[in-house]
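Open the model in your viewer and get ready to select residues. We will go stop by stop.

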Amino acid sequence: MDQLYFIGGITLFVSLAILWGFRVLPKENWQIMAVLPRQKTGNGKWKGLNLTYYGLLSANAYTFAVVIFIVLTASAGIPLVGLCLLVTGLLLACIPSSKIIARMVEKKTGTLTVGGAVFTGTILAPFLVLLVNHLPGSIVGFKVSPIIFLSAASVAYAFGEGLGRLACVSFGCCYGKPVHQCSPFFQRLFSGFYLVFSGKTKKIAYASGLDEERVIPIQIITSIIYSITGVTGTLFFLRGHYVAALMVSLIITQVWRFVSEFFRADFRGTLKVTPYQMMSLGTILYAAGMAVVFPIPPFSPVLARGLGALWNPWIILLVEVLWFIAFFHTGKSVVTRAEVSFHVVETKI
């Protein structure tokens, strides 16, 4: 019964978030969240640093994924010390790689890729687990199962990118093709289900000139598919089917990533099959190999133990710090600038 309430609550929350994002986030006023004055100019105005809703929504998605990951791994018996080390190590590798790989593929500095971060995280995860087991694990006296770690991380990733695509809607990136450029079948399919972005500072406007155009809502479709995958993976994991949770989560998300690239209009590299698509297939094969190499733990998770881990002060602090790091990393706009001025309201003196 606890599992039913837990999964039902997650499903309701994610569904409402996606519905809200679909209706609200393409609007112009949902790109820039705040402006910080940085330097005064000669005309009495200030140059401003834009903080974006992309950063806020990305940080929220990262944090939600981490919370899911903590609940799942703690429910499967991974100690909090190992958990904190693994979460920190994985994010320290994945967050920078999202910029580095995007820069290598797209030859641009002001862009990110979740796909590249996932590929990096999947490759490094087993080695990170072995490292933690060998050093602090041998001292403190714990051992983490690579399969449990990979399985929980894959499920959490599905939720994280599912909600993270709402950030893309806000910024106008990762956008789909114009509906009128599609085949007659897809034109009919998306005749009543599309996105229209407003604002010249959204990426869809300055990169492709597709603002105010009806485009395939690829970000929303991805959010829906990934969130359903996350719910399904959570159910498998809580039933003790770790390999099923791992492979279902990765196969669905990475196959959809491969397919969805064909419906996108933003620049994805010069090749017909993009590096991101090759990474997605490589991720599946690598995870399948890890499922064969490492033994499957015999014990079943206890959800109450996982939920209880969230009330640990160190876990609360970890989650807060990770949110701040994620927002600091993704929230500062490098492709937009602001100019602001201040004045006194005479009638209020």
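Is Trp314 buried or exposed? Select Trp314 and look. Trp314 has 63% relative accessibility, so it counts as exposed; the cut-off for exposed is over 50%. Keep in mind that this is a predicted model.

**Stop 1: a nonpolar patch**

Trp314 sits in helix H13. Together with Trp314, they make a nonpolar surface patch of about 650 Å².

**Stop 2: a positive patch**

Move on to Arg337. You will find Arg337 in the loop between helix H13 (313–330) and strand S5 (338–340). Its relative accessible area is 63%, so Arg337 is exposed.

**Stop 3: helix H6**

Select residues 146–171. This is helix H6, with 26 residues. At 1.5 Å a residue, helix H6 should span 38 Å. Check the ends: the end C-alpha atoms are 36 Å apart, which agrees.

How many residues of H6 are buried? The count is 26 of the 26, so H6 is largely enclosed by the rest of the structure. Gly172 follows H6 and has a positive phi, near 80 degrees.

**Stop 4**

Side chains of opposite charge can pair when their charged atoms come close. Select Glu161 and Arg165. Their side chains meet in a salt bridge, at 2.5 Å from N to O. Both are in helix H6, four residues apart, which means about one helical turn separates them. An α-helix has 3.6 residues a turn, so residues three or four places apart point the same way. Glu161 is buried at 3% relative accessibility. Arg165 is buried too, at 7%.

**Stop 5: a bridge between loops**

Now pick Asp211 and Lys200. They form a salt bridge, and the closest N and O atoms are 2.8 Å apart. Asp211 lies in the loop between helix H8 (203–208) and strand S4 (214–215), and Lys200 in the loop between strand S3 (195–196) and H8. The pair therefore ties together parts that are 11 residues apart in sequence.

**Stop 6: one more pair, and a network**

Select Glu261 and Arg264. Their side chains meet in a salt bridge at 3.6 Å, N to O. Glu261 is buried at 6% relative accessibility, and Arg264 is buried at 8%. Finish with Arg257, shown together with Glu161 and Arg165. Salt bridges with shared partners join these three into one network.

Terms used
Residues are numbered from 1 along each chain as its sequence is written. This is a predicted model: local features need pLDDT of at least 70, side-chain atom pairs count only at pLDDT 80 or more; totals for chains, interfaces and linings use all residues. Side-chain values use heavy atoms; hydrogens and water are left out. Helices (H or I, at least four residues) and strands (E, at least two) are DSSP runs, numbered from the N terminus. Buried means under 20% relative accessible area, exposed over 50%, partly exposed in between (1.4 Å probe, protein chains only). The expected span of a helix is 1.5 Å times one less than its number of residues. Patches are made of residues with over 30% relative accessible area and no salt bridge: like charges are joined within 9 Å, nonpolar side chains (Val, Leu, Ile, Met, Phe, Trp, Tyr) within 5 Å. Accessible areas come from the Shrake-Rupley method with a 1.4 Å probe; for residues, only the protein chains shown count as cover. A salt bridge is a side-chain nitrogen of Lys or Arg within 4 Å of a carboxyl oxygen of Asp or Glu.
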